[in-house]
Amino acid sequence: MTTQPNLPSAERTTLFAELILPVPIPKLFTYRVPMEFNELIAPGQRAIVPFGDRKILTGIISRLHQHPPTDYEAKYLLELLDDEPAVNPLQLKLFDWITAYYLCTPGDVMNAALPSGLKLSSESKVQLHPAFDWNETLFEFTAKEEMLLNHLQNGPLTYSEVSKLLSVKTIYSILKSLVRKEAVILFEEVNEKFKPKTERKVRLTAAYLSNTALHELFNSLSAKPKQEALVLKYLQEVPVLHDETRNKAGITRKRLLNGDLSESSLNTLIKNGVFEEFEVIVSRFDEEPAVEQPASSLSDDQQRACDEIIQSFENNSTTLLYGITGSGKTEIYISLIKKALDSGSQVLYLLPEIALTTQIVQRLKKVFGKTMGVYHSRFSDNERVEVWQGVRNGTFRFVVGVRSAVFLPFDNLGLIIVDEEHDTSYKQQEPAPRYNARDVALVMGHMHHSRVLLGSATPSLESYWLAQTNKYNLVQLHTRFGEAQLPQIILADLGRERREKKNKGQFTSTLLKAIEETLSRNEQVIVFQNRRGYSPILNCEDCGWVPRCTNCSVSLTYHQYKNALVCHYCGYKEPMPGECRSCSSKRLLTVGYGTEKLEEELRLHFPEATVQRMDLDTTRSKSGYETIIHEFESGRTDILVGTQMVTKGLDFGKVSLVGVFNADRMFHFPDFRAHERAFQLLTQVSGRAGRKDKPGRVVIQTSQPDNPLLTVVLNQQVSEFYAFELDDRRQHHYPPFSRLIELTLKHTDKKTAHEASAVLAQHLRKDLPGLTILGPGEPMISKIRNQYLMTILIKISRDSGHLHEIKQAIVQSIRLLADSTSYRSVRTVIDVDPY
């Protein structure tokens, strides 16, 4: 997928284009370039091409050459969508790397990289541009263009309808012409209809722009004070008598009516031809205030760390900033971003969660204003396209985003910051490409010759080890900003409290007393429980029946607010049963605590307090995070209950207590990273307490107060923990001392899945005799969405010089399995660097 050297530009040269198409097939597709496009076509442009007998797809031109395919006759490319490449050469190079490293298809990468608004298909439609006006346009139209525009007055048309209307087989040149003339908009019906954000404005009609006409107008309005007030307000806001040209821009209805002026009077003036109403297209991001303020000055420790980072970049392009929670890493980032922007470079600031972007964006907007773009999946497709185009045209030189922001069209990156670099949210799980945005950012840094800063209070073991072995630079911050101190950590022994009968349900007296004391001081509380829903299990007290998902090998979780049982793996849902389906008993008991039940019980214990919940269920809407965080920040919420969303980098000045509802279930998860993840979660959630001048406390409820991991957290024995974990990983040959590739085989028949996995493991052991191959075996959840699962884990030495060859052997073994008649329907998912 790399670009090619310049080809002969003779007008009659026959060119062929290799295209990336959004289909899961591991190859590029060759199309013949029509002669009239020879001087216009370039790698990175989007093109419309036929695919199969009926489909029309948007592809990205990867490279050009003069060699026709040998095994089929190339179809003609239909149309070019761009005058200039939409995807730059560095992006094509990155797509290439992701495809090869993560063993996915070029189409997988394209689907992940491009917003849907940059892709068209046979389901596409055409509509009139909202700002199009026959009377004001300066363009001329052909007869067919006029015919189409007249029909579009009645509503959108599909491409096939347009083709039939105009009696033209290939309509793309007509549509391209109308798009260029800003007369129509193309959109995909399967996604949302693209519609630019518009504002309704008003202005004086041309008849009232002279002194004489205005004088006569005021005479006629002398008995109509409300209408007269509106005209006076307009003249105050838009002094047309001094500069008649300012009337063209007009004023928004909202601004004109500000001050309790009459809307009905305005409508009357519009009806009588005094004012005219019109629409203008505005940016979706203009509504956010861009009042720029100087960045806060750094403390001595922050300045030292900042200087060390700058100096470290002189000899190594990657630096790990290891700073404890509350040490003020964000202020250091701001200082470095300003320096990079001042040098003329672009900056990418990656965050793991949308929840984090809400709070940090507000801080960054105050410093960087409108030069900063924000990119994440909760934005509509229209908004993502605006940011994409803003990066291309230089409007946004600095972008804050989640993992998908690595695909934006940067061409001059000077600095990449990966905040909370240890976070698992940087890893894409479904669908392919299953990339890790942190690792992709490191590759981007190499391609752009830019600096990469990884930041965390709990670095991943891989990054920590690479820093210890001088592959990365290491800069450390061991003190909190200002007068803030690390919180006091208290272990609340659930077992002892139960024996002494001091507990209330699953709450220890220690946690309840701490919450009561905190609320009495008008301070805030965060309670962490990493399980959403009301209760993880519904159980019959008489026969032990537990309702299970019909599609997956898991029990259903009870959600009280839906009054339903829900599967968290496939989304299957059924009503809450009134009786046991096995013995008809009515004695159904909810077992365990989710965030929903925790929220309910906290309201019972503290009826005067306002309790809010932040988990996947309460943050599904675009503004869900923002609303919850704003209410907590403003003090309207006293207790915030949440899943791991509340552990990630949020900064609340009034929080002086954090409660960990149940630490035990973190320790025994069947994963070699379980202790690392538990340590990170406990440390990060503890770091939300006491971040300003208020002393903080953390109460961790546990039945295992002697657990060595809790001792590490309690005594802040970070170095000892990393040393122990690294030694354990070295002995068992796990990352960072090896690379892992996990293969998951899926089939609707359990026996077929088992047999296919055994055959594949046999192939792999034969072709890769020197590698450790574990399995096949059933994963903990062995059935999801009616597919039985089997996994194989392959360990590869980190210093192996044959990674590419090993990966190709794995792919070849999977192809051999797929070619077998017995296992053709078995799907194999490849996950490079899983977990």
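**Exercise 1.** Is Leu 589 buried, exposed or partly exposed?

*Solution.* This is a predicted model, in which local features need pLDDT of at least 70 and side-chain atom pairs count only at pLDDT 80 or more, while totals for chains, interfaces and linings use all residues. Residues are numbered from 1 along each chain as its sequence is written, and side-chain values use heavy atoms, with hydrogens and water left out. Step one is to recall the classes: buried means under 20% relative accessible area, exposed means over 50%, and partly exposed lies in between, with a 1.4 Å probe and protein chains only. Step two is to take the value for Leu 589, which is 39%, so this residue is partly exposed.

**Exercise 2.** Find the salt bridge partner of Lys 502, and state how accessible the two residues are.

*Solution.* Side chains of opposite charge can pair when their charged atoms come close. A salt bridge is counted when a side-chain nitrogen of Lys or Arg is within 4 Å of a carboxyl oxygen of Asp or Glu. The partner of Lys 502 is Glu 500, with 3.3 Å from N to O. Lys 502 has 47% relative accessibility and therefore counts as partly exposed, and Glu 500, at 41%, is also partly exposed.

**Exercise 3.** Compare the surroundings of the salt bridges Arg 613 to Asp 615 and Arg 730 to Asp 727.

*Solution.* For Arg 613 and Asp 615, the N to O distance is 3.1 Å, and both residues are buried. For Arg 730 and Asp 727, the distance is 3.8 Å, and both belong to helix H23 (residues 718-732), where they are three residues apart, about one turn of the helix. Arg 730 is partly exposed because its relative accessible area is 46%, and Asp 727 is partly exposed because its value is 36%.

**Exercise 4.** How many salt bridges does a search of the whole structure find, and which residues are linked in a network of them?

*Solution.* The search of the whole structure gives 34 salt bridges. The network links Arg 200, Arg 253, Glu 263, Glu 277 and Glu 279.

Key
Helix = DSSP H or I, 4+ residues; strand = E, 2+ residues; numbered from the N terminus.
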